[in-house]
Amino acid sequence: MKQMKTKFTGTQKLWYVAIFMIVACAFNPMYGQSDQKTSTEVAQKERIIKGLISDEQGPLPGVNITLKGTNIGVATNVKGEFTFPKALKNGDILLVSYLGYKTTEVKIKPETNFVKLVISEEIIEFMGSLNTNKRYKSKRKN
Amino acid sequence: MNTIKYIFLFIFVFQLNAQKSDFSTITFEKADRIALEYKNEKLTNLPELAYKLTSDLTTDVERFRAIFKWVCSNVANDYYLYSKNMRKRQRYKNDSVRLKDWNDEFKKVIFQKLRRNNRTICTGYAYLIKELANLANIDCEIVHGFAKTSTINIETLDVPNHSWNAVKLSGKWYLCDPTWASGIPDPESAQFEFQFNDGFFLSDPNIFAVNHFPVDEKWSLLNDDQPSFNTFLDAPIIYNKAYTYFSNHNAPKKLHTDIRKNEHVIFKLQLLKSVKKEDVNLLIDTTFTSKKIHPESISIKDQSLTIDYTFDTTGYYDVHLYVKDDLISTYTVEVNK
């Protein structure tokens with residue numbers, strides 16, 4: 001069976017695509033056109049993040065908040081609060097680190113403006129063996 | 001097809017000996033210089049410290065080196081903490097509840113000491129190495145286990161007493177002992193003397209197994225050659241400097257040897273670097289005397305040092321192997337008629 005009718009030439013194809021695109025744009029609801037909307041979009045992209053870090057007992061001062069892969073960071077104040085010094089965007093990862101506690105990663109999501117986090121202590125058993133260069137002396141029977 | 005065969009051969013054969021010489025083309029000068037540059041940094045901000053130590057280095061082994069060198073040169077071993085912990089651990093060893101309570105309390109003290117004074121004990125070193133390495137995206141684990149030194153009483157070595165690290169570099173696991181790499185505490189003055197020992201950085205698993213026994217045996221990295229706990233307890237004593245010169249200790253397998261008069265003992269170790277025959281000595285102690293001997297029969301062949309020594313007098317001897325002035329190992333020999 002020959003289907004001659006369905007064959008298009010290259011120029012025809014181009015036309016159909018062009019018309020389709022114009023139609024798609026024309027009937028699509030208007031997004032991101034007003035000025036106000038644009039500014040919230042930017043705010044969504046880059047914004048100042050604040051937060052509160054605590055452990056089981058309460059707010060924890062001196063906790064380091066660092067942007068992963070950089071040297072940019074801040075420590076929590078006596079109330080366990082912080083304001084990150086750099087505007088952050090979605091997908092950025094903050095490292096929350098305090099010696100003796102598990103390092104936690106916090107991913108900045110579209111809805112993240114305030115990070116509230118309870119960090120937990122490391123579960124670790126401490127032991128130590130003394131290093132020495134003292135010459136061995138055997139305990140003799142006699 | 002042949003190429004594939006060789007690639008497989010390369011992967012599997014060269015996987016076996018994970019040690020520092022794998023990176024012989026890399027010098028650690030830059031990493032060591034960076035570690036030195038940040039001397040006096042505090043431990044109050046680990047992410048920042050990890051960034052400072054590693055961001056200018058291009059390979060993982062150099063990054064890990066900078067971390068290792070920094071920790072070993074800036075964190076002191078706290079003798080007071082060590083002895084207090086050992087006493088409590090011995091006392092509560094059969095009482096898991098009290099041991100846990102003690103550990104929870106001690107943990108707080110340890111971390112506070114680290115933050116404020118840069119002082120710790122073994123697990124603190126291993127913990128810092130792991131944390132800093134992880135912050136630099138390097139896979140690193142703490143290994144708990146038993147360690148044997150010349151002053152440890154083997155009869156009471158029934159609870160784990162030491163912690164060290166395993167680190168994954170270029171897809172392979174390596175061993176290191178940051179506590180022992182950092183220096184030596186003086187039990188009398190409780191002072192710590194920094195003395196970096198390169199031998200504990202990516203050590204050969206064979207020599208490592210002579211005085212380290214991991215609780216989780218996979219961390220021996222020796223596959224099927226992992227010695228049993230009793231073999232480990234019976235092994236000769238090796239000292240810090242053994243790691244500077246040697247990659248393995250082959251013979252004698254035990255600390256103690258019983259022989260008859262005029263029989264000989266063979267000492268055999270694998271060399272990491274070349275030593276001169278005239279630098280190899282034995283120091284032989286009896287109860288009252290101490291005699292330095294340069295053995296006649298020493299052979300150095302294929303990176304292997306062999307000493308063949310004949311005992312011609314009966315007695316009980318502590319035999320110490322020295323290279324130059326460096327104490328390597330100790331054996332006891334009883335010579336009977």
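Helix axes are lines fitted to C-alpha atoms over the stretch in contact, and the angles between them run from 0 to 180 degrees between N-to-C directions. The model discussed here is predicted.

**A pair of helices in chain B**
- Helix 5 (residues 79-91) and helix 6 (residues 96-117) of chain B have axes that come within 11 Å and cross at roughly 170°.
- Angles over 145 degrees count as roughly antiparallel, and helix 5 and helix 6 of chain B are therefore roughly antiparallel to each other.
- From helix 5 of chain B, B:Leu81, B:Asn85, B:Lys88 and B:Arg89 meet B:Leu99, B:Trp102, B:Phe106, B:Ile110 and B:Lys113 of helix 6.
- By class, the residues of this contact are five nonpolar, one polar and three charged.

**Chain B as a whole**
- Chain B contains eleven helices and 18 strands.
- Its radius of gyration is 21 Å, close to the 20 Å that the globule rule gives for 337 residues, so chain B is as compact as a globular protein of that length.
- Along the principal axes, the C-alpha atoms of chain B fill a box of roughly 65 × 60 × 35 Å.
- Of the 337 residues of chain B, 41% count as buried.

**An annotated span**
- An unreviewed UniProt entry places the feature "domain: Transglutaminase-like" at residues 114-180 of chain B.
- That span is 31% helix and 34% strand, and its end C-alpha atoms lie 17 Å apart.

**Where the chains meet**
- In chain A, 26 residues are in contact with 45 residues of chain B.
- Strand 3 (64-67) and strand 6 (93-97) of chain A are the elements that give two or more residues to the side of chain A touching chain B.
- That side of chain A has seven nonpolar, 14 polar and five charged residues.

Conventions: Residues numbered from 1 in each chain as written. Chains lettered and ligands numbered in written order. Predicted model: local features only at pLDDT ≥ 70, side-chain atom pairs only at ≥ 80, totals over all residues. Helix = DSSP H or I, 4+ residues; strand = E, 2+ residues; numbered from the N terminus. Parallel < 35°, antiparallel > 145°, perpendicular 65-115°, else oblique. Contact = placed C-beta atoms within 7 Å. Nonpolar A, V, L, I, M, F, W, Y, C, P; charged D, E, K, R; others polar. UniProt positions renumbered as here; feature names shortened; annotations may be inferred. Rg over C-alpha atoms; globule rule 2.2 N^0.38 Å. Buried ≥ 20, exposed ≤ 12 C-beta atoms within 10 Å, placed from the backbone.
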